[in-house]
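Trainee: I want to know what stands behind each label on this model. Please set the values against the definitions for me.

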Amino acid sequence: LYGMQKMSSDSFEVRALLLALVPKVDSCIEVIKAQHVGNALYGLQKMSSDSAEVCALLSAFVSRVVSCREALEAQHVGNALYGMKRMSSDSAEVCAMLSALAPKVQSCRQTLGAQHVGNGLYGMQKMSSDSPEVLAILLALAPKVESCREALSSQHIGNALYGMQKMSDDSPEVRAILSSLA
């Protein structure tokens, strides 16, 4: 999936390939590693959750993410969330993936750098704070953003805020991220 990062789900051929991959993901017995989680989702960055094929692949991949025993590193967190930038929290499959990712993000022991923070939040641009799954990701991310010791550039801050465009400051999770960014 990592190799598909410049491919769009608008293409019939890409959607056909995604659909062909679903039974392969379902039948795979190999234990997935943390890097696989980050790379696979990163490869979906031009894929929209409006596509049934993308949703089918996400649905198949959720159990693989849940079964990952390795802790995600900072790069994996940033890549996984960035790869979801064209996906909406209105999709049940996207919400299922966010639910699978939240404990993985929370258990990340590495300190997130400025790029990881900016990319991770940028990937949430089609996600609403009305979704409990989005709030769970934000709750997991908040202490990671707070502990970032690297100075965030204007680009990192811009990306982070752009990614939060569908979120309301009515939720404490959104406010926690904003406080950390400030």
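Mentor: Start with the pocket. On a 1 Å grid over the protein atoms alone, a pocket is an open set of points with protein on both sides within 12 Å along at least five of seven lines, whereas a cavity is a set where a 1.4 Å probe fits but cannot get out. Points are joined across faces, edges and corners, and the volume is the space filled by probe spheres set on them. By that count, the largest pocket has a volume of about 300 Å³. One caution: this is a predicted model, where local features need pLDDT of at least 70 and side-chain atom pairs count only at pLDDT 80 or more, while totals for chains, interfaces and linings use all residues. Residues are numbered from 1 along each chain as its sequence is written, and side-chain values use heavy atoms, with hydrogens and water left out.

Trainee: What makes a residue part of the lining, and how many residues line the largest pocket?

Mentor: A lining residue has an atom within 4 Å of a point. The largest pocket has 13 of them, and V25, I32, H36, A40 and F61 lie nearest its centre. Helices α1 (12-27), α2 (34-42) and α3 (52-67) each give two or more residues to that lining.

Trainee: How is the lining divided into nonpolar, polar and charged?

Mentor: Ala, Val, Leu, Ile, Met, Phe, Trp, Tyr, Cys and Pro count as nonpolar; Asp, Glu, Lys and Arg as charged; the others, Gly among them, as polar. On that basis the lining has 9 nonpolar, 2 polar and 2 charged residues.

Trainee: How many helices and strands are there, and what makes a run count as one?

Mentor: Both are DSSP runs, numbered from the N terminus: a helix is H or I over at least four residues, a strand is E over at least two. The chain has 9 helices and 0 strands. The radius of gyration, taken over C-alpha atoms, is set against a globule rule of 2.2 Å times the number of residues to the power 0.38. The chain comes to 15 Å, close to the 16 Å the rule gives for 182 residues, so it is as compact as a globular protein of that length.

Trainee: Why is M124 called buried?

Mentor: Buried means under 20% relative accessible area, exposed over 50%, and partly exposed in between, with a 1.4 Å probe and protein chains only. M124 is at 0%, so it counts as buried. Its place is the loop between α6 (114-122) and α7 (132-146). A160, in helix α8 (residues 154-163), is also at 0% and therefore buried. Across the chain, buried residues make up 53% of the 182.

Trainee: And what is E93, buried or partly exposed?

Mentor: E93 has a relative accessible area of 27%, so it is partly exposed. This residue is in helix α5 (residues 92-106).

Trainee: How do you know which pair forms the salt bridge?

Mentor: The test is a side-chain nitrogen of Lys or Arg within 4 Å of a carboxyl oxygen of Asp or Glu. R15 and E53 pass, with their closest N and O atoms 3.8 Å apart. R15 lies in helix α1 and E53 in helix α3, so the pair ties together parts 38 residues apart in sequence. A search of the whole structure finds 1 salt bridge.
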